[in-house]
Amino acid sequence: MTPIPDSTQKQATAQGSVIYYRDGKTVLARQGVDRKKVELAQVPRHVRAAVIAAENRSFYEDAGVSVKGTARAVWSTITGQQLQGGSTITQQLVRNYYSGLSQERSVTRKFKEILIAMKVDQSKPKDWVLEQYLNTIYFGRGANGVQSAAQAYFGKDVGELSVAEGAYLASVIQQPSRFAAPKGPDLAAARARWKSVIDAMGQTGALTPQQVAAQRFPDLTTPKKPFELKGQAQYMLEQVTAELNRRGHSDEDINSGGLKIVSTFDKKLMQAAKRAVTNALPDATPEKVRTGLAAVDPATGEVVAFYGGRPSQSAYYDSAFSAKVMAGSTFKPYTLAAALDNGFDLSTRVDGNSPLQVASASKPIPNDSGRSYGQINLISATQNSVNTAFVDLGQKVGLDKVAEVAEAAGIPASQLDRHKTAASFPLGVASVSAVQNASGFSTFANEGVHMEAHVVRSVTDAEGREEVVKPASTRVVGEQAAADTTYAMQHVVKYGTGAAARLYDRQVAGKTGTTDKSKSVWFNGFTPQLAAAVTMFRDDNATVTIPGYGTQFGGQLPAQIWRAFMTEAMEGKPVEEFPEPSDLGYGYDYSAPTDDGDVPEQEDTPPVNPDDGDTSEPEITAPPLTDDPSATGEPDADRQESRPDEPSDDPPALLPEQPLGRQDDAPADAPANAPANRGARSDDRAGRSPAG
């Protein structure tokens, strides 16, 4: 009438999960119960013999219970004395393994344990019982099961344990807390207990007299401190856990499912990201200033590295994934790509005059200092980040198409919808995270195909079944549109506001971004193999000012941090070149602008008008940020700033007007000089080795 329970205690079979860096070998974090199940065949015979000698010498002969031991325990309970032991290995397993048996000390529970143990002995092989027992029992030092115990006490797998080491683990079972790290009297007691186990192994025939005499007390490793996550590791764990949850793995799976989780994070690149930021910022940097960096492999969508900020600022809120700030002029390339994928080309002329009156805007939109550029081509507009030119381009191509490109490139619609009807939408009034922006630009490096950003490479369950993450792939724009967008952004780094981000040995394309009053500043760029974004902002939405550096713009510290990281990340990687831009056939050399010295000193986007369909966020005074920490500020065009100790080899200059460019009176849906069908392109691309 006492059935064997049909379920086990969760803690008895729970196996903790291990999260690795992208190499699949270096441990990033451990989660949950420290237990790794092993089959009985993996446990050496002398280890099994030691446990049997210490806990239940008659294990293979008895019926699952010890009559004398049980009678002694029951009598002690009835007479009110301290409950004695006397439990066999089978009884210990029943008590710790099956659900429904509490640890309370009562005669009723003891009789129930005895009956179930007898039934288990009748229905299960002895080896099955021993295997479950060895995987279930607690050995101290936080180790559950013999495999974890072998690692905890001797730093080796159970199969490598010597006779003396196996005997010590058997000794620990009786008093795991006392013998975990014994000293003084406890060490003397541990030695005595170990010696008694060795002698018992001789008595049971597991060891010969000569082997018994040869055994020496083993050296124990120093107990490891509890696994603690520090710095960026905590942020990494949070992102991995969040993604596992999104992919259907519950917290219980992670904490007790024995998963092997390989993340996308490259340990060396994570360290490089931290160095790039911390070496660039002075110690006197205000606590409220936050810096985020994210790097994405364009070919796979893997987030290979990031810097989430100082943990002292917020233990569970990072500046790379969580923080979302106005994109500023780093958003303009999405507008450019939308235009180039919808019939426009690099020679298309747009209105660079200031101010620009747009029907949907209540006030004219100016350029920085009211500067006018006239009718300029899209390379000049990008290189000099001309606001009115991009507002005009957005009107011509359609803001809905701009939003479609940005969303397909990985920026969630929820972050775009409230802004996409505003004339200023192409200027970056929507907020994005560093990861989202790096992922978005990786689309251009990947020839117009966006690979879903992700932080988990694979998950292997306790049974060895591996699930490899296959990120979603989306064709955002055609290959040539991506190549031309990239070409225009190369001019930003070669001759424009992003000169401080140049790499000496390879091509770079990128875009700076600075919002109104420098409330958020960006540099976002890429090589063919890696895309990275750097952002700086403040918790209180004030101007980003760094002691010794002054008010920041995208072309200053963000670009310098980007270059420092990418210099290290690209070291030793093959030099790859971007695809060629369109052959427009006009006989004009786009390779370098003329040197007329006529460039704005800084970019500046006018304040956003709420009447234009865009609203501002309330000012944020402390983390976590909700959506727009620079809500009261509007994206400026990026400010022309080069690092003072590294003058530009080629002074920034406007490109001359393009011949045969787009005519002012050409209808928006039929741009002059539009190439015939640019949209339909092959999704295939040459394979690239992942960064890191």
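Ring pairs join F331, Y334, F425, F441, F444, F526 and F578 into one cluster. Here a pair means Phe, Tyr or Trp rings (the six-membered one for Trp) with centres within 6.5 Å; planes under 30 degrees apart are stacked, over 60 edge-to-face, and the rest tilted. This is a predicted model, so local features need pLDDT of at least 70 and side-chain atom pairs pLDDT 80 or more, while totals for chains, interfaces and linings take in all residues. Residue numbers run from 1 along each chain as its sequence is written, and side-chain values use heavy atoms, leaving out hydrogens and water.

**Aromatic pairs around F217**
- The structure has 15 aromatic pairs; one of them is Y168 with F217, edge-to-face at 5.6 Å centre to centre and 85° between the planes.
- That pair links distant parts of the chain: Y168 belongs to helix α8 (residues 163-172), F217 to the loop between α11 (209-214) and α12 (232-246), and they sit 49 residues apart.
- Both Y168 and F217 are buried (under 20% relative accessible area; exposed is over 50%, partly exposed in between, with a 1.4 Å probe and protein chains only).
- W194 also pairs edge-to-face with F217, at 5.6 Å centre to centre and 85° between the planes.
- W194 is in helix α10 (residues 185-203) and F217 in the α11-α12 loop, so this contact ties together parts 23 residues apart in sequence.
- W194 is buried at a relative accessible area of 6%, and F217 is buried at 17%.

**Charges over rings**
- K124 puts its charged end over the ring of W128, 4.7 Å from the centre (the cut-offs are NZ of Lys or CZ of Arg within 6 Å of the ring centre and within 35 degrees of the ring normal).
- R371 lies over the face of Y373, 4.9 Å from the ring centre.

**Overall make-up**
- The protein has 21 helices and 19 strands, taken as DSSP runs numbered from the N terminus (helices H or I, at least four residues; strands E, at least two).
- Of its 692 residues, 57% count as buried.
- Take contacts (heavy atoms within 4.5 Å) between residues at least 6 apart in sequence: 74% of them join residues at least 24 apart.
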